[in-house]
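Visitor: I am new to this structure. Please take one part and show it to me closely.

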Amino acid sequence: VKLAVVVQRYGADINGGAEQHARYVAERLARHHDVEVLTTRARDYVTWADELPAGVEEIHGVPVRRFPVAHQRDVTLFARRQEAVFDRVHSIQDELAWLDAEGPTSPALLRHVRNSRAVYDWFIFFSYRYWHAFHGSRAVPDRALLVPTAERDPAIGLAVFGPVFRGVRALMYNSHEERAMIQHVAQTSEVPGVVVGIGSEVPDEPSAERFRQQFGITAPFAVYVGRIDANKGCAELFDYFERYSRTVRAELHLVLVGKTILPIPKHPRIHHLGFLADEQKFDAMAAADVLLMPSYFESLSMVALEAWAIGKPVLANGKCDVLKGQVIRSGAGLYYENYPEFAEALHAITSARALRRSLGENGRTFFRTHYDWPVIERKYLDMLDRLERDRDTPRAPMDPLPGFFARRRRTLPAAADVAASVPAGAVLA
Amino acid sequence: MSDFTIRADAVDVEQIMRQIRGRIRDKRGVDYTEEQIRELAAAKLERFLDPTGVRSDLLEQFRTRPSLPPGFLYQFEDTTLFDSDKPIVRFFRKLLHPFLKLLFNPNVLSTTLHKQAAFNQYVHAHQPLQFELLHNLVLELTRASIEVKNLKMRLESVQSRLEFNERRARALEAVVQYKADARVRGDRRDDSRRDQQPRGEHTRGQGSQGRPPGAPPPRPPQPPAQVRAPQAPQGPQVTPQAAAAAVAFEEPATPGTEPQGGIDPITGGDSLRTRRRRRRRGRRGPGESGAGEGEVRANPDPVDDEGGDNLAPQPSTADSADVASSPRTWNPGAPGLSTDATTSVQLGAESEARLKMGSTSDAEGDNRAPQPSTEPAAVTGSPSTSGPASAGLSEGPTHDVPPGVDSESRQRPDATPDRDDERQ
């Protein structure tokens with residue numbers, strides 16, 4: 001079976017969640033099938049500027065074919081179009097314009113997908129909200145698998161995505177919450193789907209002692225790993241931690257790992273280590289008492305899974321349904337929805353060793369059961385086998401886009417309102 | 001924040017979160033939901049805003065404001081003045097535009113109208129924001145008022161706990177001192193001490209509290225022998241009764257002597273035991289033995305001594321509460337006894353009578369304090385309380401009363417003049 005993994009960016013040094021997810025999946029499936037990655041030359045997800053060389057290169061044994069982006073993102077235009085579709089009554093044409101403004105607009109990539117539909121048995125598209133996934137899925141619906149990586153944000157309420165969700169051959173969800181949300185907005189119960197998620201390359205023996213020696217942090221600390229961004233809830237995290245440090249437990253430190261686009265407060269117990277290599281990152285996690293996940297929107301937190309893989313509990317933002325659901329289902333962490341809960345939960349985890357150990361053990365078990373690579377691989381392979389078996393089964397085509405005038409009729413509700421109407425909460429069943 | 005007791009195989013995250021929320025509720029008082037806060041916001045607005053003339057249905061009124069007049073929002077560009085549905089009309093207007101500009105300047109008009117249109121749109125766009133802002137302010141104000149109320153409750157709770165802890169600390173300190181003294185003096189007088197304490201406490205209470213306003217600051221305790229020697233010549237001026245009373249209620253304090261629990265060593269006020277015993281005396285009635293106000297006992301408490309001027313040759317307080325509250329004091333600096341001395345004498349006689357009535361307890365009360373200086377040989381008549389130790393601070397047999405010794409013999413009234421002489 002020849003597979004094409006289609007993703008907006010790709011590279012060993014690109015650490016976006018969906019991009020890393022795609023890389024891991026491609027590399028794992030390459031052990032079983034013939035896999036090729038189709039992507040753009042972009043490195044920056046804001047501008048989509050062509051930075052990487054065009055053509056084919058091999059990354060970790062997987063051939064990667066890069067295509068140019070037609071135009072970079074105009075931030076002002078994108079913001080205006082986003083406001084038009086997220087907050088106001090709008091038309092299909094407005095949504096397509098928004099999608100074009102968001103990018104990465106790569107007609108060459110789309111052309112290749114369309115022209116090589118006979119070359120690949122299956123196309124696995126990542127990230128429903130980007131141009132390449134939308135148009136690519138529409139180009140080869142009968143061979144398309146979609147990994148939506150959907151979050152609870154207004155984009156899920158856009159009308160153009162409903163036919164895509166319903167029209168692809170299979171949906172590979174990251175979480176139960178994501179599945180419930182997509183099924184609600186797009187009625188995808190008929191589409192084959194499975195909650196897969198993503199595994200992680202976790203070293204066997206991360207060394208807490210090595211980290212402490214290397215960075216000189218001997219005090220107990222909580223760690224945050226990821227992009228330090230207000231959109232990831234880091235501003236709230238700083239506020240909460242400063243209050244916690246001031247009023248509850250002064251000796252606990254906060255270690256931040258990752259690139260920052262947010263000013264980090266000057267605080268004697270907040271340490272920013274910048275971007276770390278994987279080994280150092282896992283060492284930091286191993287040395288930490290708890291991993292903090294303050295993000296409001298996540299389709300799947302790989303960092304949380306990695307923390308669980310090495311037996312560390314997670315304190316997650318309970319306003320993110322996915323994180324809350326995972327924490328509850330795994331029994332491997334606690335969650336908070338306001339400062340008092342943050343303070344109590346953090347204190348409970350960091351001060352009660354038995355609780356910490358129990359949560360960590362549960363996390364390890366949860367990871368092994370659901371997110372270990374053999375499990376993930378098996379789910380993908382099973383889905384591909386199933387699709388191969390049903391390849392000849394007739395199915396309804398993907399809904400076409402409306403005509404010229406219907407496409408311009410402003411009758412669609414604001415996407416934010418649609419997204420807000422989606423039932424919230426963790427899926428515990 | 002308490003710790004959790006978790007079994008490794010029994011982690012229920014939701015149960016832990018329920019515990020956490022319960023604990024937060026306990027700390028914060030009532031935990032309000034968003035809906036409840038909104039309801040409270042609507043109700044509380046009256047209280048908050050009525051004084052300024054703003055009604056509680058402000059938000060609702062703001063929300064249901066009259067709709068915009070038709071045509072309020074319009075577009076006005078530089079071409080609007082010359083626009084038309086009919087292309088031919090548009091053409092001629094454009095053709096004649098230069099001619100029109102000869103007659104007047106339409107640009108000013110179109111610019112003004114354009115700005116007005118933009119302003120209308122700006123106002124319209126920001127009205128929801130203003131509503132949102134006002135709405136959020138009201139909610140936050142309500143939330144803050146609830147929090148203030150909760151904090152007040154917590155403050156009261158903490159204050160009452162603090163007071164309780166202070167009382168408990170005083171009680172514990174009194175108990176600790178009691179035991180330490182018992183270790184020094186042995187256990188044999190424990191029983192009688194219980195009966196003795198009220199009288200001594202009373203005196204000490206006067207000593208610490210009865211210093212008249214403006215009195216000089218208390219001195220540190222001094223060895224009684226050093227004090228007594230220069231004051232001895234004044235002795236003959238005092239009647240034996242007065243001396244007895246004076247000595248009795250002005251026993252010098254000696255470091256290491258037993259604090260009888262009458263004075264709190266920290267606060268200087270009556271300790272819990274003192275108050276308790278005072279209540280007990282009040283229940284027994286004023287005529288009973290041990291309840292006499294004029295009863296005196298050695299004041300071994302240094303703190304008490306400092307406040308009570310037991311050793312100081314300066315205006316000292318009299319014995320009882322009555323005397324303490326009275327400005328009449330004995331002035332050792334004056335030749336002989338002043339009119340106050342008469343009072344002292346009377347009180348002393350009264351005290352003496354009471355000493356006889358409760359002789360055993362009185363004797364115990366005096367002698368159990370390891371203050372040899374307060375036990376002159378002439379008074380005690382017991383070899384155990386006489387000797388060189390009486391002038392020093394040593395402890396030992398001289399401080400202890402043998403079980404067979406009649407304590408009353410050590411408290412004979414005729415012994416008091418000697419003591420008084422020594423003190424003066």
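**From the interface to one helix**

Guide: We start where the two chains meet. The contact draws 17 residues from chain B and 24 residues from chain A. This is a predicted model. About 1,700 Å² is buried between chain B and chain A, with carbon and sulfur atoms giving 68% of that area. Across this interface there are 2 salt bridges. Arg21(B) forms a salt bridge with Glu341(A), and their closest N and O atoms are 2.8 Å apart.

Now turn to chain A. Its fold has 17 helices and 14 strands. Of its 429 residues, 59% count as buried. Take contacts in chain A between residues at least 6 apart in sequence: 70% of them join residues at least 24 apart.

Here is the part for a close look: helix α15 of chain A, residues 373–389. The helix has 17 residues. From first C-alpha to last, α15(A) reaches 24 Å, close to the 24 Å expected at 1.5 Å a residue. Its buried residues are Trp373(A), Ile376(A), Glu377(A), Tyr380(A), Leu381(A), Met383(A), Leu384(A) and Leu387(A). Seen down the axis of α15(A), these buried residues fall within an arc of 155°, so they line one face of the helix. The face turned away from that buried side carries the exposed residues Pro374(A) and Arg389(A).

Stay with Glu377(A). Side chains of opposite charge can pair when their charged atoms come close. The side chains of Glu377(A) and Arg28(A) meet in a salt bridge, 3.2 Å from N to O. Arg28(A) lies in helix α1 (residues 17–29) of chain A and Glu377(A) in helix α15, so the pair ties together parts 349 residues apart in sequence. Glu377(A) has a relative accessible area of 11%, and counts as buried because that is under 20%. Arg28(A) is also at 11% relative accessibility and counts as buried.

Other salt bridges in chain A can be set beside this pair. The side chains of Arg129(A) and Asp153(A) meet in one, at 2.5 Å from N to O. Both Arg129(A) and Asp153(A) are buried. Lys281(A) pairs with Glu306(A), the closest N and O atoms being 3.1 Å apart. Lys281(A) sits in helix α10 and Glu306(A) in helix α11, 25 residues apart. Both of these residues, Lys281(A) and Glu306(A), are buried. Elsewhere, Lys2(A), Asp34(A), Glu36(A) and Arg65(A) are linked in a network of salt bridges. Over all chains, the structure holds 33 salt bridges.

Conventions: Residues numbered from 1 in each chain as written. Chains lettered and ligands numbered in written order. Predicted model: local features only at pLDDT ≥ 70, side-chain atom pairs only at ≥ 80, totals over all residues. Heavy atoms only, no water. Helix = DSSP H or I, 4+ residues; strand = E, 2+ residues; numbered from the N terminus. Buried < 20%, exposed > 50% of the residue type's maximum accessible area, 1.4 Å probe, protein only. Contact = heavy atoms within 4.5 Å. Expected span 1.5 Å × (residues − 1). Arc of directions from axis to C-beta. Buried area = accessible area lost by both parts, 1.4 Å probe. Salt bridge = Lys/Arg side-chain N within 4 Å of Asp/Glu carboxyl O.
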